[in-house]
Amino acid sequence: RRSFEHLGITAVECCRLFFGPAERLLRRVRGRGTEYLGEALAQGRGIFLLTGHFGNWELLNQWLAAHTPLAILYRPPESRLGEAFLRRVRGDKADRITQIRAEAAGIRQLFKRLRVGGVVGILPDQQPKRGDGEFAPFFGKPAYTMTLLSRLAERSGATVLFAYCERIGDQAFALRIEPAPAAIASSDAIVAITALNAAVERIARRSPAQYQWTYKRYTLQP
C-alpha cells in the first residue's frame with residue numbers, strides 16, 4: 001500500500017517536473033556525496049552513474065543534467081506515442097540529456113562516450129532480454145540481471161558511482177552519490193552482477209516503500 005502511495009506521489013512530482021519549471025523541485029534537493037561526482041568530473045575520465053527504480057529517478061536525471069551533460073540508456077516503451085512523450089519531456093534541458101535506446105548501436109554510443117570522458121546514466125535493475133544477462137540473487141530470489149554494465153565498466157575504465165534521489169519529506173529530497181563496489185567491474189560476470197544487485201538492494205532497503213516493486217524482475221527464472 002505504501003509503495004503505491006509513493007508511486008502516486010512520484011507521478012504527481014513528474015508532472016510538475018515535466019510540465020512546469022523544473023527549478024521548483026530542484027530547489028528542494030539537498031545533495032550529499034556530490035564531491036564524488038565533482039572529483040570524477042575533474043579527472044576527465046568517463047563516469048558511469050547507476051541508479052535503481054528508487055525515489056524519484058526522473059528528478060535525479062534533471063539534477064544531474066543541471067551539473068553535467070548526461071547520456072541515459074532507456075528501453076523504449078511498446079507504444080511509439082509513449083516513447084515520443086518520454087523523449088520530449090526528458091530531453092527538455094537545452095540538449096543536456098541525450099537519450100540512447102537500449103540496442104546494439106546505442107551500446108556502441110555509450111562505450112564511445114565513456115572512452116572520451118562522458119557521463120552515462122543507467123537503471124541496472126531492469127530485466128534484460130534472454131541472452132543478455134545471468135541470474136544473481138536479488139532480495140533472496142534469482143533475478144535475471146544485465147551483464148552489459150559490468151562489461152562496459154571493465155572495458156572503459158570509467159569511474160562507477162551510484163546516485164539516487166530519496167524522498168525525505170513533503171517535496172523534499174536527499175540526492176546521494178556514492179562510490180560503487182569495485183566488484184561491479186569484475187571480469188567474472190556472476191561476481192559483478194551479484195555485487196550490482198546487492199548494491200541496489202541496499203539502497204532499496206533505505207526506504208522499501210520508495211522502491212518500484214511493480215517492475216518485472218522475476219518473470220524469467222532458471
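This is a predicted model: local features need pLDDT of at least 70, side-chain atom pairs count only at pLDDT 80 or more; totals for chains, interfaces and linings use all residues.
**Entry 1. Helix 4**

I then asked why helix 4 can be called largely enclosed by the rest of the structure. I found that 9 of the 9 residues of helix 4 are buried, so the rest of the structure largely encloses it. The buried residues of helix 4 include Trp57 and Glu58 at one end of my list and Leu64 and Ala65 at the other.

**Entry 2. The largest pocket**

I looked up the largest pocket next and noted about 720 Å³ of space in it. Of the 29 residues in its lining, I recorded His53, Trp57, Glu58, Arg90 and Leu123 as the closest to the centre. I also recorded which elements give two or more residues to this lining: helix 1 (2-19), helix 4 (57-65), strand 3 (70-74), helix 5 (80-90) and strand 5 (119-122). By class, I noted 18 nonpolar, 7 polar and 4 charged residues in the lining of the largest pocket.

I noted a volume of about 460 Å³ for the second largest pocket. It is lined by 17 residues, and those nearest its centre are Ala102, Glu103, Ile107, Asp132 and Leu148. Strand 3, helix 6 (104-115) and helix 7 (148-156) are the elements that give two or more residues to the lining of this pocket. I divided the lining of the second largest pocket into 10 nonpolar, 1 polar and 6 charged residues.

**Entry 4**

The largest cavity holds about 50 Å³ of space. Its lining includes Ser3, His6, Leu7 and Thr10, together with Trp57, Arg167 and Tyr211. Helix 1 gives the most to this lining, with 4 residues. I noted 4 nonpolar, 6 polar and 1 charged residue in the lining of the largest cavity.

For the second largest cavity I noted a volume of about 40 Å³. The residues that line it are Thr51, Gly52, Phe54, Phe162, Val200, Ile203, Ala204 and Tyr211. Helix 8 gives the most to this lining, with 3 residues. The lining of the second largest cavity has 6 nonpolar and 2 polar residues, and no charged residues. Tyr211 lines this cavity, and I had already listed Tyr211 in the lining of the largest cavity.

**Entry 3. The largest nonpolar core**

I recalled that nonpolar side chains tend to be buried together in soluble globular proteins. Here the largest nonpolar core has 31 residues, and Phe48, Leu50, Phe162 and Ile184 have the most contacts inside it. The elements that give two or more residues to this core include strand 2 (47-50), strand 7 (141-146), strand 8 and helix 8 (189-204). Helix 8 gives the most to the core, with 6 residues. I noted that Phe162 of this core also lines the second largest cavity.

**Entry 4. Strand 9 and its partners**

I turned to strand 9 (residues 172-179), where 6 of the 8 residues are buried, so it is largely enclosed by the rest of the structure. Strand 1 (residues 29-32) pairs with strand 9 in the parallel sense, over 4 bridges. Strand 8 (residues 159-169) pairs with strand 9 in the antiparallel sense, over 8 bridges. I looked up arginine 176 of strand 9 from both partners: arginine 32 stands opposite it, and tyrosine 164 stands opposite it too. Strand 8 and strand 9 form a hairpin with 2 residues between the strands, in which glutamine 171 takes a positive phi near 55°.

**Entry 5. A second hairpin**

Which way do strand 6 (residues 133-138) and strand 7 run, parallel or antiparallel? I found them antiparallel, joined by 6 bridges. Phenylalanine 138 stands opposite lysine 141 in strand 7. This hairpin has 2 residues between its strands, and phenylalanine 139 in the turn has a positive phi of about 55°.

How values were computed:
Residues are numbered from 1 along each chain as its sequence is written. Side-chain values use heavy atoms; hydrogens and water are left out. On a 1 Å grid over the protein atoms alone, a cavity is a set of points where a 1.4 Å probe fits but cannot get out, and a pocket is an open set with protein on both sides within 12 Å along at least five of seven lines; lining residues have an atom within 4 Å of a point. Grid points are joined across faces, edges and corners, and a volume is the space filled by probe spheres set on the points. Ala, Val, Leu, Ile, Met, Phe, Trp, Tyr, Cys and Pro count as nonpolar, Asp, Glu, Lys and Arg as charged, and the others, Gly among them, as polar. Buried means under 20% relative accessible area, exposed over 50%, partly exposed in between (1.4 Å probe, protein chains only). Two strands pair if DSSP finds at least two bridges between them. A nonpolar core is a set of buried Ala, Val, Leu, Ile, Met, Phe, Trp, Tyr and Cys residues joined through side-chain atoms within 4.5 Å.
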